[in-house]
Amino acid sequence: MDQIQFLQFANTLPEAMLLVTAEGLVLAANQAAVEDLKLQHLVGARLHDLVVDDAEKVAKFLKLCRRSRNFTLGSFGFRRSSGASIEFRVEGALVQPKSVESPAVVMLRLTSKATALHQFVVLNRRIDDLGRELQLRMQAEARARVEQEKLRVTLNSIGDAVIATDEHGMVTMLNPFAERFTGWTIAEAIGTPLVDVFRIINESTRQPVNNPALVALREQRVVALANHTLLIAKDGTEWPIDDSASPIRDEAGRVIGAVLVFRDITDRK
């Protein structure tokens, strides 16, 4: 990387950048470096003349930088033309290894300690915000798990078969009674189209019957099953049933699924 290439991209950056040889000769400085360091004559200067730190510290840092293209972290106090000095966090990385024609070249990225501290504070605040948000989500998920377990216990304790679907008519839950009558386990049924799990026909005509849960989803209303309906289990067993279905709505009133409740009416018949 030569000085022109360096300045083409470094002048577009808000942070101070220097291009120096491995011996510390400044080859180029972007506009942000000139403004931050408050020095007009950077190019051609020696890095150890620009800082308040001793030359040995500068040499050791540059030696580390020229060993890797990954940034090496350091810290230096830079003199300003006014005579005051300002502390900078300095990151250096090799951009051009030493060759017969040219020396090794290192790029330095400078951030004032005040700016670095501000960025650190902002980052910590963001981490705190994310931590609180994560905690709230975990608490909400814990409450949802408790409510889900309560619902599972309730559905498993009632005497009717219950199947729930999402808004697309895919099975999301069925209780043990539904497993018994349909012949599908919950592991098999989850994510399966309801029409495959809950197959119903007219007892007299043997023709398929409109699935009430899908009608409830489509028309967004409670739907009762017609009389003389048979449920065909997975193994072919036929169960005379009656049932009803209702849409499930979220807090905003949007339909997000349907619940189907049915029972065996063999004894009644």
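I looked up Phe262 first: its relative accessibility is 0%, so Phe262 counts as buried (buried means under 20% relative accessible area, exposed over 50%, partly exposed in between, with a 1.4 Å probe and protein chains only). The model is predicted: local features need pLDDT of at least 70, side-chain atom pairs count only at pLDDT 80 or more, and totals for chains, interfaces and linings use all residues. Residues are numbered from 1 along each chain as its sequence is written, and side-chain values use heavy atoms, with hydrogens and water left out.

The ring centres of Phe198 and Phe262 are 5.0 Å apart and the planes stand at 50 degrees, so I recorded the pair as tilted. The rule I used pairs rings of Phe, Tyr and Trp (its six-membered ring) if their centres lie within 6.5 Å; planes under 30 degrees apart are stacked, over 60 edge-to-face, and the rest tilted. Phe198 lies in the loop between helix H8 (194-197) and strand S8 (199-202), and Phe262 in strand S12 (residues 255-264), so the pair ties together parts 64 residues apart in sequence. Helices (H or I, at least four residues) and strands (E, at least two) are DSSP runs, numbered from the N terminus. I also noted that ring pairs link Phe181, Phe198, Trp239 and Phe262 into a cluster.

**Other aromatic pairs**

Phe78 belongs to strand S3 (residues 72-79) and Phe88 to strand S4 (residues 85-96), ten residues apart. Phe78 is buried at 1% relative accessibility, and Phe88 is likewise buried at 1%.

**Nonpolar cores**

I searched for nonpolar cores, meaning sets of buried Ala, Val, Leu, Ile, Met, Phe, Trp, Tyr and Cys residues joined through side-chain atoms within 4.5 Å. The largest has 27 residues, and those with the most contacts inside it include Phe198, Leu260 and Phe262. Elements giving two or more residues to this core include strand S6 (161-166), helix H9 (212-219) and S12. Another core, apart from it, has 25 residues, among them Ala16, Ala45, Leu47 and Phe88.

**Charges over rings**

I checked charges over rings (NZ of Lys or CZ of Arg within 6 Å of the ring centre and within 35 degrees of the ring normal). The charged end of Arg109 sits over the ring of Phe71, 4.2 Å from its centre. Lys234 lies over the face of Trp184, at 4.6 Å from the ring centre.
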